[in-house]
Number of protein chains: 4
Amino acid sequence: MNRHYTLTISCPDRAGIIAAVAGFIAQHGGFIVEASYHTEQESERFFMRQEIRADSLPFDAAEFGLRFAALAQEFNMHWQLADSAQNKRLVILVSRQDHCLDDLLHRWRSGELLVDIPCVISNHEDLRSFVEWHGIPFIKVDMQDKTAAFEHIAALFDEYQGDTMVLARFMQILPPFLCQRYPGRIINIHHSFLPSFVGAKPYHQAYLRGVKLIGATCHYVTDELDAGPIIEQDTVRIDHGDTVDDLVRYGRDIEKTVLSRGLRYHVEDRVLVCGNKTIVFK
Amino acid sequence: MNRHYTLTISCPDRAGIIAAVAGFIAQHGGFIVEASYHTEQESERFFMRQEIRADSLPFDAAEFGLRFAALAQEFNMHWQLADSAQNKRLVILVSRQDHCLDDLLHRWRSGELLVDIPCVISNHEDLRSFVEWHGIPFIKVDMQDKTAAFEHIAALFDEYQGDTMVLARFMQILPPFLCQRYPGRIINIHHSFLPSFVGAKPYHQAYLRGVKLIGATCHYVTDELDAGPIIEQDTVRIDHGDTVDDLVRYGRDIEKTVLSRGLRYHVEDRVLVCGNKTIVFK
Amino acid sequence: MNRHYTLTISCPDRAGIIAAVAGFIAQHGGFIVEASYHTEQESERFFMRQEIRADSLPFDAAEFGLRFAALAQEFNMHWQLADSAQNKRLVILVSRQDHCLDDLLHRWRSGELLVDIPCVISNHEDLRSFVEWHGIPFIKVDMQDKTAAFEHIAALFDEYQGDTMVLARFMQILPPFLCQRYPGRIINIHHSFLPSFVGAKPYHQAYLRGVKLIGATCHYVTDELDAGPIIEQDTVRIDHGDTVDDLVRYGRDIEKTVLSRGLRYHVEDRVLVCGNKTIVFK
Amino acid sequence: MNRHYTLTISCPDRAGIIAAVAGFIAQHGGFIVEASYHTEQESERFFMRQEIRADSLPFDAAEFGLRFAALAQEFNMHWQLADSAQNKRLVILVSRQDHCLDDLLHRWRSGELLVDIPCVISNHEDLRSFVEWHGIPFIKVDMQDKTAAFEHIAALFDEYQGDTMVLARFMQILPPFLCQRYPGRIINIHHSFLPSFVGAKPYHQAYLRGVKLIGATCHYVTDELDAGPIIEQDTVRIDHGDTVDDLVRYGRDIEKTVLSRGLRYHVEDRVLVCGNKTIVFK
């Protein structure tokens, strides 16, 4: 993949936005590789994502911003420009279960997931050896004093200059201060097809209700438990012969898939938040 | 398909049940075409379904019952014997939307769904012509006095000797007396992936929550709204570009599919109820 | 849905195309409802689809064409402008099996499929009553002299001013002259996941090979049997217990779904052909 | 999971088989945990799988065999008894790509895949460190002299007492002598939805044909390339925007899933081969 800039925009909807932005890019010889648009009907907001080949522009990202500012103001835009040459930094939080972690680290070391992973944080020692084999620092945080623990985690996240915090089956509920400190930057994988089976032991809940499919949900974390904007979901068929243990086993596979897909969208700046919903430009 | 008997059994689990039942059948030369078993862990109950070729037995269904009674008592069985030569009688209830009705009537007239449909009941006139083209009586029930209306429906169901009542998007909540009168005999299609989005306007609820998949649920009707034993479910992917109208459109397809699958299982005596869950022997 | 124009374009790829087209539309106050782009890597061709609200433009479709011509020439575009107020005319060809026909006619009469169906053509009388109940002319064509029969079909298609010919399980191989006469205008549903199981009895072939999923394929018809550009496909899981008859039954459901989806994309001008492949802007 | 014996049987179909086998088990107090049956129509053969709790029988597996022999002979059975206490031994062959290997080793070390892995064999050094981190011997085989190399592989497989050889993207075509030496014991993952796209570069073939789904196939290896009995398959949706590299990326996920599922069925003695097809008792 050649180096490219990803421009994401949201603004009040009106005629002429595409023409204005595409015109600005064309005027500087910019070559658009991928372009997506969406108008959200309730809020009448317009959302837009463009990938532009970096070598087609006569200036760098900073200069792009300076020149784009006037246009952005005219249309009252929220906007952002990401440079594919700068990897996002993921800080991964885990507990004892390693299926999501294994999946993410494999995608990372095989070059599929283009990110930096400055450290992995856990409340248990179990996964140290596996993480360190990858050459990634592993930090154990003591959870006995929860307030102190979460402040420690926030400090580590800042120290390691994390862009995104990934709860890869961390199994701890984040306190409001942490959720509010990094809005749109904390991603969780919940082991149910939300909004069904919020909270603890969702596979057990699913088993008791006798559903015929189970699922997983990748979402941004907000104050309200398991209620943040959903990025990605999927389901898998089960039947009456499956025990709770079977559900957990099927669930692991779907959790991995859904988290890695959702995270990929996030990392590639394909996810724009609109209220409590997401626009995902695939 | 040759004529066959379907024997369904549930009883407390213990060693030797399969041997006893298979032994009884073999002793009379019975040829088992299909056999399925399941032990429900919580209740420690055993469930069983066998299809036996009718022409392999030296007696008819009534005689089978007489002879089987002793064995059934020994193992404390609930059991039932269905004869494939006797079609189940479905009374279908509809409102104005005809996608599920169209689907069921097509499967019926093409010989895929082996049932009798003695009548279709509706609270609107809209679908009369379509139903009558099939040569099936169409009965409009006035819903102004709800109590009288549902008593009328119960009377019609009995008069037409219905085995199963199918709510094919009937859009009316059945009163408790009706639910209790025909336990395990009323099947509904709900237009959400239960337990998410119980009640009215589930597609609207799904849209507002921003889920990435929507679904449908075929279930037995009980007193508690949308909470009866689930027979079949499925989901379909949507995205941010889909309006509520799009969800309704996708939903129609999945409702048809899920209802026709669930109904087929029911009609072929593949569904055994266990508490608030179902065992579905596919 | 408000009236809108759908502009589809393909041309050699270069910088500035989006800006030029969006600029042209904006200059006339045009409001873009939906926009999609794609660059095909091998051919370096650019593909584009835009939906513009009709009431946002100060002129009609004919005038749009006149004014757009200069721009189109500059970029060497193939382009087309469709008006949502003018329904496409589908001539449907069937044999004896009616599952796809039933599905299409239901979508048509419920207003989901926005097309005109000037007539249904068949080589059998079986489906006359069902088609005529819809108020649609049903024409039986005698297939004994195949050459004469297909010339008759072409004449009927022209006489009824068909835009698209839909082979809804027609079960006859079209002769080359017919395929060549209506390129990109004849749509077939093949009952396998192409390129597996080309030609006759694909479910039987699938059964013998022991595949674990079967599928269906909606494609444009070309000279080469079952080898035209694929519009849509899907698969469904089967297992060792399923007979060929079961495969045929599952297959009917997936054929309906795949044909109706593919046809919808075609009718909404979402399908652009590029060599032997399609771009489908969903 | 408690220790259990898995009894798999195939024999000519006739009345009374289930009764005879279930009767034999019951007579010794055997508790059947799971039971599955299938009659293959073409060959009129009957297939059967039973899981029996080991602690419910008064004798061990060897004694079971001695006592069962007479019954087996009477019904002309092929049969096999597996003891869950004895793990199957998988020898895994890989090349440079590690997604399937990573997936299998994760399932193994987390206790999900109950097997022994005595060694991993490769024609490259790349994955040595990862394999050895698991404490599993890694053996590099030089492929320059192919005949010698495959004889070496066979010798290693025997030396390490392998039960099953798993080609986890080994990317080498096995010679006939090897295929014939271990019938039903070599499992391959092919990166297409067979029978489409046999042989090399299936994702490239799929891209050129313009299919809308791609797939993967887990099958037993026979002399004929990619034509052995299929154990498991699955597909995933792609679209016109996906490059060959995207197909390869999606493909990795589906290859992992399909191989691990197929392998699980094999390891749990759920797969019975019947001609060139499989019966998979899930």
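The legends below describe close-up views of a predicted model.

**View 1. The two domains of chain A.** Chain A is divided into domain 1, residues 4–83, and domain 2, residues 88–280. The C-alpha centres of domain 1 and domain 2 of chain A lie 31 Å apart. Where the two meet, 13 residues of domain 1 of chain A are in contact with 8 residues of domain 2 of chain A. About 760 Å² is buried between these domains of chain A, and carbon and sulfur atoms give 61% of that area.

View 2. On the side of domain 1 of chain A that touches domain 2 of chain A, at least two residues each come from β1 (4–12), β2 (32–40), β3 (45–53) and β4 (78–83) of chain A. Of these, β3(A) gives the most, with 4 residues. Sorted by class, this side of domain 1 of chain A has 4 nonpolar, 5 polar and 4 charged residues.

**View 3. The interface of chain B and chain A.** Here 37 residues of chain B are in contact with 37 residues of chain A. The size of an interface is often given as the accessible area lost when the parts come together. For chain B and chain A, the buried area is about 3000 Å², with 51% of it on carbon and sulfur atoms. Arg209(B), Lys212(B) and His240(B) are the residues of chain B that lose the most area to chain A, and together they account for 24% of what that side buries.

**View 4. Salt bridges and polar contacts of chain B with chain A.** The interface of chain B and chain A has 4 salt bridges. Among them is the one between Arg237(B) and Asp234(A), with the closest N and O atoms 3.5 Å apart. Polar contacts across the interface of chain B and chain A involve 22 residue pairs, both residues being at pLDDT 80 or more. On the side of chain B that touches chain A, the elements giving two or more residues are β2 (32–40), α7 (202–209), β11 (230–237) and β13 (277–280) of chain B. The most come from β11(B), which gives 7 residues. By class, this side of chain B has 14 nonpolar, 12 polar and 11 charged residues.

**View 5. The rotation that relates chain B to chain A.** Chain B is superposed on chain A by a rotation of 180 degrees with 0.0 Å of shift along its axis, and the RMSD is 0.0 Å. The two copies are therefore related as by a two-fold rotation axis. Ser196(B) is the residue of chain B that comes closest to this axis, with its C-alpha at 2.6 Å. Of the interface residues of chain B, 100% are also interface residues in chain A, so the copies meet through the same surface.

**View 6. The interface of chain A and chain C.** This contact takes 15 residues from chain A and 15 residues from chain C. Chain A and chain C bury about 1100 Å² between them, and 75% of this lies on carbon and sulfur atoms. The interface of chain A and chain C has 0 salt bridges. The elements of chain A that give two or more residues to the side touching chain C are α1 (17–27) and β2. The largest share of this side, 5 residues, comes from α1(A). The side of chain A that touches chain C divides into 9 nonpolar, 4 polar and 2 charged residues.

View 7. Most residues other than glycine have a negative phi, and most peptide bonds are trans. The peptide bond from Leu194(A) to Pro195(A) is cis, with omega near 10 degrees. Pro195(A) sits in the loop between β9 (186–190) and α7 (202–209) of chain A. In chain C, the bond from Leu194(C) to Pro195(C) is cis, with omega near 10 degrees. Pro195(C) is in the loop between β9 (186–190) and α7 (202–209) of chain C. Glu44(A) is not a glycine but has a positive phi of about 50 degrees. Glu44(A) is placed in the loop between β2 and β3 of chain A.

Notes
Residues are numbered from 1 along each chain as its sequence is written. Chains are lettered from A and ligands numbered from 1 in the order in which they are written. This is a predicted model: local features need pLDDT of at least 70, side-chain atom pairs count only at pLDDT 80 or more; totals for chains, interfaces and linings use all residues. Side-chain values use heavy atoms; hydrogens and water are left out. Domain bounds come from an automatic or database domain assignment. Contact means heavy atoms within 4.5 Å. Buried area is the accessible area (1.4 Å probe) that two parts lose on being put together, summed over both. Ala, Val, Leu, Ile, Met, Phe, Trp, Tyr, Cys and Pro count as nonpolar, Asp, Glu, Lys and Arg as charged, and the others, Gly among them, as polar. A salt bridge is a side-chain nitrogen of Lys or Arg within 4 Å of a carboxyl oxygen of Asp or Glu. A polar contact is a pair of N or O atoms within 3.5 Å; within protein, one must be able to donate a hydrogen and the other to accept it, and residues adjacent in sequence count only if both atoms are side-chain atoms. Copies are superposed by least squares on the C-alpha atoms of residues with pLDDT of at least 70 in both.
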